[in-house]
Amino acid sequence: MSDFLDILTHGRRLQGAVKDLTVEELESVVEKLNNIIEKKHAQAEAEIQAQKEKLEKLAEIKQQMADAGIDISDLQEVAEPKAKRKSAGKKRPVKYKITVDGDTTAWTGVGRMPVVFKQALESGKSLEDFAI
């Protein structure tokens, strides 16, 4: 696209690029370019108008605040705090505990089952025996 822009904005390169076009084709190109320019002007005017309206609304709000005796710092003081997000890495509650030889092992019931629990289950016990 850069080459196209270079050709379009350089007089001699543009003349060389369009030398094989007829006058009718060139007039068609000019008409299309004029339509694009008009749309760009309309878009710019709309943006300027929107900015003016925004500034007018801001001035109106400032006046209302001044009439009410409110300062911008007053608004910052009463601004609602942002909602706290659920903290990442929050620990799951322990569901099962077992004590073997004085060592207590806890398990949440999620993930790989600790060896101590496997051995106890193999010896005939059930998980409900270790539920908290």
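Predicted model: local features only at pLDDT ≥ 70, side-chain atom pairs only at ≥ 80, totals over all residues.
Me: Which residues make up the largest nonpolar core?
Reply: A nonpolar core here is a set of buried Ala, Val, Leu, Ile, Met, Phe, Trp, Tyr and Cys residues joined through side-chain atoms within 4.5 Å. Buried means under 20% relative accessible area, exposed means over 50%, and partly exposed is in between (1.4 Å probe, protein chains only). The largest such core has 7 residues: Tyr96, Ile98, Trp107, Phe117, Ala120, Leu127 and Phe130.

Me: Which elements give two or more residues to this core?
Reply: Helices (H or I, at least four residues) and strands (E, at least two) are DSSP runs, numbered from the N terminus. Two or more core residues come from each of these: strand E1 (96-100) and helix H5 (115-122).

Me: Why is the pair of Trp107 and Phe117 called tilted?
Reply: Rings of Phe, Tyr and Trp (its six-membered ring) pair if their centres lie within 6.5 Å; planes under 30 degrees apart are stacked, over 60 edge-to-face, and the rest tilted. Trp107 sits in strand E2 (residues 103-107) and Phe117 in helix H5, 10 residues apart. Their ring centres are 5.7 Å apart, and the pair is tilted because the planes stand at 45°.

Me: Is Phe117 buried or exposed?
Reply: Take its relative accessible area, which is 0%. That makes Phe117 buried.

Me: What is the angle between the planes of Phe117 and Phe130?
Reply: These two form an edge-to-face aromatic pair, 5.7 Å centre to centre. Phe117 is in helix H5 and Phe130 in the segment after H5, 13 residues apart. The angle between the planes is 85°.

Me: Which residues do ring pairs link into a cluster?
Reply: By the pairing rule, the count comes to 3 aromatic pairs. Ring pairs link up a cluster of Tyr96, Trp107, Phe117 and Phe130.

Me: Which helix gives the most to the nonpolar patch?
Reply: Like charges are joined within 9 Å and nonpolar side chains (Val, Leu, Ile, Met, Phe, Trp, Tyr) within 5 Å. This patch covers about 550 Å², and Phe4, Leu8 and Leu21 are among its residues. With 4 residues, the one that gives the most is H3.

Me: Is Leu21 buried, partly exposed or exposed?
Reply: Leu21 lies in the loop between helix H2 (11-17) and H3. Its relative accessible area is 34%, so Leu21 is partly exposed.

Me: What is phi of Asp101?
Reply: Asp101 lies in the loop between E1 and E2, and it is exposed, with a relative accessible area of 76%. Most residues other than glycine have a negative phi. In Asp101 phi is positive, near 55°.

Definitions and conventions: Residues numbered from 1 in each chain as written. Heavy atoms only, no water. Patch = residues over 30% accessible without salt bridge, like charges linked within 9 Å, V, L, I, M, F, W, Y side chains within 5 Å. Areas by Shrake-Rupley, 256 points an atom, 1.4 Å probe, with all protein chains shown as cover. Salt bridge = Lys/Arg side-chain N within 4 Å of Asp/Glu carboxyl O.
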